[in-house]
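Dear colleague,

Please find below the structure that I am handing over to you. My notes on it follow directly after.

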Amino acid sequence: MSELVVVNFDDKYKADEVLLELLKLEQEYLADLEDAVVITKNGQGKIRVKPYHDLVKPGDLSNELWGGIISATFFHRFLTIKESVFDSNFLTEVEESLKPNSSSLFVLIHYANPEKIIAEFHRFEGKLIRTTLSKDQIENLQKTYQKA
């Protein structure tokens with residue numbers, strides 16, 4: 001099981017700052033971040049995605065996974081709900097939280113106790129939204145968007 005945590009901030013640069021703090025925790029072996037993506041929205045509504053993941057062997061599905069999550073959230077909600085990957089309330093809440101001149105940090109956490117990492121998010125006064133993803137849901141999401 002993995003935990004998908006989205007933290008929204010009113011500041012366009014705050015998600016980057018928080019990610020750096022999480023990376024420090026990972027160096028101290030207090031967290032195991034599978035992957036992270038920072039999404040910003042400028043004043044004109046343009047969305048920019050900045051992935052932060054390890055370079056891995058060819059064939060890794062990390063880009064497809066994040067592409068699926070971002071696509072589900074902002075563009076293809078109906079397909080993702082039909083495929084039973086995400087709850088529609090989760091997707092709506094994430095999309096509505098990303099306002100102009102704001103940022104969001106999407107983090108996929110694989111850890112026996114994700115509460116330690118989530119507690120760190122509360123220090124930064126962002127809006128926390130979370131959902132659990134099973135291995136089957138992640139595979140289903142990847143397959144759905146590989147076809148699309």
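Of the 148 residues in the protein chain, 43% are buried (under 20% relative accessible area, with exposed meaning over 50% and partly exposed in between, for a 1.4 Å probe and protein chains only). The model is predicted, so local features need pLDDT of at least 70 and side-chain atom pairs count only at pLDDT 80 or more, while totals for chains, interfaces and linings use all residues. Residues are numbered from 1 along each chain as its sequence is written, and side-chain values use heavy atoms, with hydrogens and water left out.

The protein chain holds six helices and five strands, taken as DSSP runs numbered from the N terminus (helices H or I, at least four residues; strands E, at least two). Their order from the N terminus is β-α-β-β-α-α-α-β-α-β-α. Among contacts (heavy atoms within 4.5 Å) with a separation of 6 or more, 77% join residues 24 or more positions apart.

The largest nonpolar core has 18 residues; such a core is a set of buried Ala, Val, Leu, Ile, Met, Phe, Trp, Tyr and Cys residues joined through side-chain atoms within 4.5 Å. Leu4, Trp66, Phe86, Phe90 and Phe106 touch the most other members. At least two residues of this core come from each of strand 1 (2-9), strand 2 (33-41), helix 2 (62-74), helix 4, strand 4 (102-109) and strand 5 (127-133). Helix 2 contributes the most, with four residues. Another core, of 17 residues, lies apart from it and includes Val7, Val107, Ile118 and Phe121.

In helix 4 (residues 88-97), the buried residues are Phe90, Leu91, Val94 and Ser97. They lie on the same side of helix 4 because they cover an arc of only 140° around the axis, the arc being that of the directions from the helix axis to the C-beta atoms. Exposed Asn89 and Glu96 sit on the face turned away from that buried side. Leaving aside residues up to four places away in sequence, Phe90 touches Leu4, Val6, Ile129, Arg130 and Thr131.

Finally, the axes of helix 1 (residues 14-27) and helix 5 (residues 115-122) come within 11 Å and cross at roughly 145°; axes are lines fitted to C-alpha atoms, for helices over the stretch in contact, and angles run from 0 to 180 degrees between N-to-C directions. Val18, Leu22 and Leu25 of helix 1 meet Ile117, Glu120 and Phe121 of helix 5.

With kind regards
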